[in-house]
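Please open the structure in a viewer and keep the selection tool at hand.

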Amino acid sequence: MKENKPRTKLNMRKVEPYIWLLPSIILMSVMILVPIFSVFQTSFSEISKSGVNKGFNGVSNYVWIFQNPTFWNTLGNTVIWTIVVVGLSTVLGIILGLVLNEKFHGRKIVRAIVVFPWATALIIQSVIWKYIINADYGALNVLLTKLGLIDSYVNWTATPGQFFAWECFVGILVTIPFVTFCVLSGLQSIDTSLYEAAAVDGATFWSRLFKVTLPLLMPSLTVSTVLNIIYVFNSFPIIWTISKGDPADQTHTLVTYLYKLSFTNQKVGEAAAVSVVGFVILAVCASVYMMITLRAEKEEE
Amino acid sequence: MKTKKSPWARMALYLFVFVICIIILYPYFVMLTTAAKSNEEMYATGEAAVLLPSVWQWSNFIDIWREAAVFKYLLNSIIVAGGATCLAILCGIPAAYALSRMRFKGKGVFMGAVIMSQMFSPVVLLVGIYRLMTAMHLTNSLIGLILLNAAFNQAFAIWLLRGTFTSISSEMEQAAKIDGCGTVQALMRVLLPVSAPGIVTTLIFVFINSWNEYTIALTLISSDLLKPITVGINVFYGFNFIKWQYLFATSIFATIPVVILFLCIEKHLVAGLTSGGVKG
């Protein structure tokens, strides 16, 4: 049938899919590819404080950041931040998802409550927590005093480490819902007859959990974990609001550090170099993710 | 997991859920009660400090509209989120359609590029975005925010829409084509009405993402009257004096609509996201 069609029609059939893709391709190329290119170019250029490009300067921006102890501290923070937040929120999210899959009174209300941190703007949640942990008049000190748990107000953020720990706490709290709902949707697709079979075999709660439930949840958990690594790595508002990377630039992650370099310190070239480092780390994660996704797709077909 | 548990296990289960709910709700409790406190109680310490306002100052919720351009901020957020949603959907539908219904060379490459694109958040590219927007004279403009939000939500839009389209059999469209409909007509008249739930989920999700976006707006927008609400609330976060009660009262207005929207789509969204990731 195809062979009988005129040549132009045949060509049209070949071209048509690309026309359908065109709007999307244009939008993403201009708004995403161009900035990617621009970041790379800027990272090899000398940019004056007023933003004028003074031309190619080799790898000197990279040399500057690699010789800067703050950069290495920031890189370490970023790794800790990503692992701690993604790791703990995944564990807590799985537990919460398993619990919410059980039938109990008020389950629907709890489900609705768990949606809250996912839907609320990160910046708003960050500001609330900044207020809560304020040492002078913060809500947490007031609450604990009223409950009689503390006698005098505590400075919750006396050290950079404490600042960072609070930021991780907020990060975990806002990340749990996504994991929980991924787990819930994964659990719904598990065949209940598997549990009945396991029960017949006399499997205990733990062996059912580790031998049936978790392995079958792996696909959902892979998606949630990889996406969370990306989100958390790129998360800006929590740290920028609660500590701005201070005291003494000790609590930065890569994104807050590059923001400060670029838009506070006017070191645009150096900031671009930091971007490229972040970019490379993300690209590795993204490639792994893409391989997993496309492989899953092939198996599906 | 249907299991008969001991009463202790049940207790532990309830306790865990209770603790998590308390921690999740606590900031919202603080936001609500602080928003209605007077300035004195706001900064009171020691014995004078109160958990709940002794007199609920509902006037705070009225004062904010006078104290800052809150109405304008909300309007800007609606324009940016609405515009970005429309643009993301208008570009996303044809792309998702091609991906779910057509075979062509480079499909895998395009899919890969789409998946990769969502890995690069605007924050990492901020330096490049700023230079691009400067070159296009779109810094300090809502159009710039619309374009960027649409682009960075494109991957999710295509992903969710493609999942929806793939789950619908193409028989009806083929029947429509035999009846003389063109591809575009078949898409508009047959496929889109059937995929309405998936499309609405995508619309709302992109809207919420753009509404909650903070970093790009913070970087690009400098004039007060062009700020969306997420950046606008910073005006109460002033130079030497923070008006927390106004800040939180405004935040409540910024939060309620998106939380309600989110509750509407939660079930659909999660199924779409995970199946999109696993099955494509």
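Select helix α3 (residues 69-101) of chain A together with helix α9 (residues 205-233) of chain A; their axes come within 9 Å and cross at roughly 140 degrees. That angle makes α3(A) oblique to α9(A), since angles under 35 degrees count as roughly parallel, over 145 as roughly antiparallel, 65 to 115 as roughly perpendicular and the rest as oblique. Axes here are lines fitted to C-alpha atoms, for helices over the stretch in contact, and angles run from 0 to 180 degrees between N-to-C directions. Helices (H or I, at least four residues) are DSSP runs, numbered from the N terminus.

The model is predicted: local features need pLDDT of at least 70, side-chain atom pairs count only at pLDDT 80 or more, and totals for chains, interfaces and linings use all residues. Residues are numbered from 1 along each chain as its sequence is written, while chains are lettered from A and ligands numbered from 1 in the order in which they are written.

Remain with this pair. Which residues of the two helices meet? On the side of α3(A) they are A:Thr78, A:Trp81, A:Thr82, A:Val85, A:Val86, A:Ser89 and A:Thr90, and on the side of α9(A) they are A:Thr225, A:Asn228, A:Ile229, A:Val232 and A:Phe233. Two residues are in contact if their C-beta atoms, placed from the backbone, lie within 7 Å. By class, this contact has 6 nonpolar, 6 polar and no charged residues. Ala, Val, Leu, Ile, Met, Phe, Trp, Tyr, Cys and Pro count as nonpolar, Asp, Glu, Lys and Arg as charged, and the others, Gly among them, as polar.

**Between the chains**

Next, select helix α4 (residues 107-119) of chain A and helix α1 (residues 7-35) of chain B, whose axes come within 10 Å and cross at roughly 45 degrees. α4(A) is therefore oblique to α1(B), and their crossing is left-handed. Here A:Val110, A:Ile113, A:Val114, A:Phe116 and A:Pro117 meet B:Val17, B:Cys21, B:Ile24, B:Leu25 and B:Tyr28.

Within α4(A), A:Val114, A:Phe116, A:Pro117 and A:Ala119 are buried; a residue is buried if 20 or more other C-beta atoms lie within 10 Å of its own, exposed if 12 or fewer, and partly exposed in between.

Now display both chains. The contact takes 84 residues from chain A and 77 residues from chain B. On the side of chain A that touches chain B, helix α12 (residues 268-300) gives the most, with 16 residues. That side divides into 63 nonpolar, 15 polar and 6 charged residues.

**A loop in chain B**

Finally, select B:Thr139, in the loop between α6 (126-135) and α7 (142-166) of chain B. With 17 other C-beta atoms within 10 Å, B:Thr139 is partly exposed. Beyond its neighbours within four places in sequence, B:Thr139 is in contact with B:Met133, B:Thr134, B:Gly144 and B:Leu220.

B:His137 is found in the loop between α6 and α7 of chain B. Is B:His137 buried or exposed? B:His137 counts as exposed, because 10 C-beta neighbours lie inside 10 Å. B:His137 has a positive phi of about 55 degrees although it is not a glycine.

Terms used
A crossing is left-handed if the near helix is turned anticlockwise from the far one by less than a right angle, and right-handed if clockwise.
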